[in-house]
Amino acid sequence: MKRKGAGGRRPRTGSPRPAAAGRSRAGVGSQGKRAAPSRAARPAPPEQPRTFRLGAVPGAMPGRWIDTWKRRMPHVALELVEIPVATQRDAVLSGWVDIALVREPLERTGLHAIPLYEELPVVVASADSHLLAADELTADDLRGEVLLTTREDVLGPLDLPTADAASGPLDTVADAVATVAAGVGIAVMPMSLARLHHRKAVDHRVLVDGPVAPVLLAWRQDATTPDVETFVGIVRGRTENSSR
């Protein structure tokens, strides 16, 4: 004869089954599945060594930006490449350089270009010229002087009361400075070029109200790489942690 407990139910024997060790309700999802363990973020792979080619026309002054690049991008070598004004656009479009400091005038089709600064025009004259008695010069001060021009002129046609040189345009700005040093004529150019080609036998004075020489930063529209963006940010004064 079977015995029944109170209420007609069979009495339980033994103690309740303990929960599995180490298991908590927090680790079980709403459908009874255990939550996936979190994975630590993988470190970024090291950057591959590479070279960033910065073009610069004669007289351009990228020194302070190069110093910042070296501090901020020590893993990317920067190569400074001098490019002639006559071929500055081709140097950028062809990919010969990644980015370049160039001069106006510049045909901008296919290029991004941002202005950097403007250079003052100066008159280069021989050291014994009466023109150097003044601290600065005006167009009227140059009346009757023989003006030397070159195929590298970046200021464009100058509306000055001067006489044309019988020899016609010289090949380079350096040729013009050498000719002035020999006591023949004067030359007008951006101040940086006068300093670049300076000789003891010449000096220069600012030409008041003369045409300025804009310097731009240019790169290909279809080649805005992370390195290019970094250099543009440096030029624009962005800090290392600022967003682009």
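This is a predicted model: local features need pLDDT of at least 70, side-chain atom pairs count only at pLDDT 80 or more; totals for chains, interfaces and linings use all residues.
## Ground rules

Local features need pLDDT of at least 70, side-chain atom pairs count only at pLDDT 80 or more, and totals for chains, interfaces and linings use all residues. Residues are numbered from 1 along each chain as its sequence is written, and side-chain values use heavy atoms, with hydrogens and water left out.

## The chain as a whole

The protein chain has 5 helices and 11 strands. Both are DSSP runs, numbered from the N terminus: helices are H or I with at least four residues, strands are E with at least two. Of the 244 residues, 35% count as buried. Buried means under 20% relative accessible area, exposed over 50%, and partly exposed in between (1.4 Å probe, protein chains only).

The chain exposes about 16000 Å², and carbon and sulfur atoms supply 51% of that area. Such areas come from the Shrake-Rupley method with a 1.4 Å probe; for residues, only the protein chains shown count as cover. Now take contacts, meaning heavy atoms within 4.5 Å. Among contacts with a separation of 6 or more, residues 24 or more positions apart account for 69%.

Two strands pair if DSSP finds at least two bridges between them. β1 and β3 pair in the parallel sense over 3 bridges. Glycine 55 has alanine 100 in β3 as its bridge partner.

## An enclosed helix

Helix α5 covers residues 226-235. Because 8 of its 10 residues are buried, α5 is largely enclosed by the rest of the structure. Asp227, Phe231 and Ile234 are among the buried ones. Their cover includes α1 and the strands β1, β2, β3, β4 and β11. Just after α5, glycine 237 takes a positive phi of about 85 degrees.

## Charged pairs

The structure holds 8 salt bridges. Each is a side-chain nitrogen of Lys or Arg within 4 Å of a carboxyl oxygen of Asp or Glu. One joins arginine 103 and glutamate 119, at 2.8 Å from N to O. Arginine 103 is in β3 and glutamate 119 in β4, so the pair ties together parts 16 residues apart in sequence. Arginine 103 is buried, with a relative accessible area of 1%. Glutamate 119 is buried too, at 5%.

Glutamate 119 also has a polar contact of 2.5 Å with the side chain of serine 192. A polar contact is a pair of N or O atoms within 3.5 Å; within protein, one must be able to donate a hydrogen and the other to accept it, and residues adjacent in sequence count only if both atoms are side-chain atoms.

Another salt bridge links aspartate 171 and arginine 151, with the closest N and O atoms 2.6 Å apart. These two lie in loops, 20 residues apart. Arginine 151 is exposed, with a relative accessible area of 58%.
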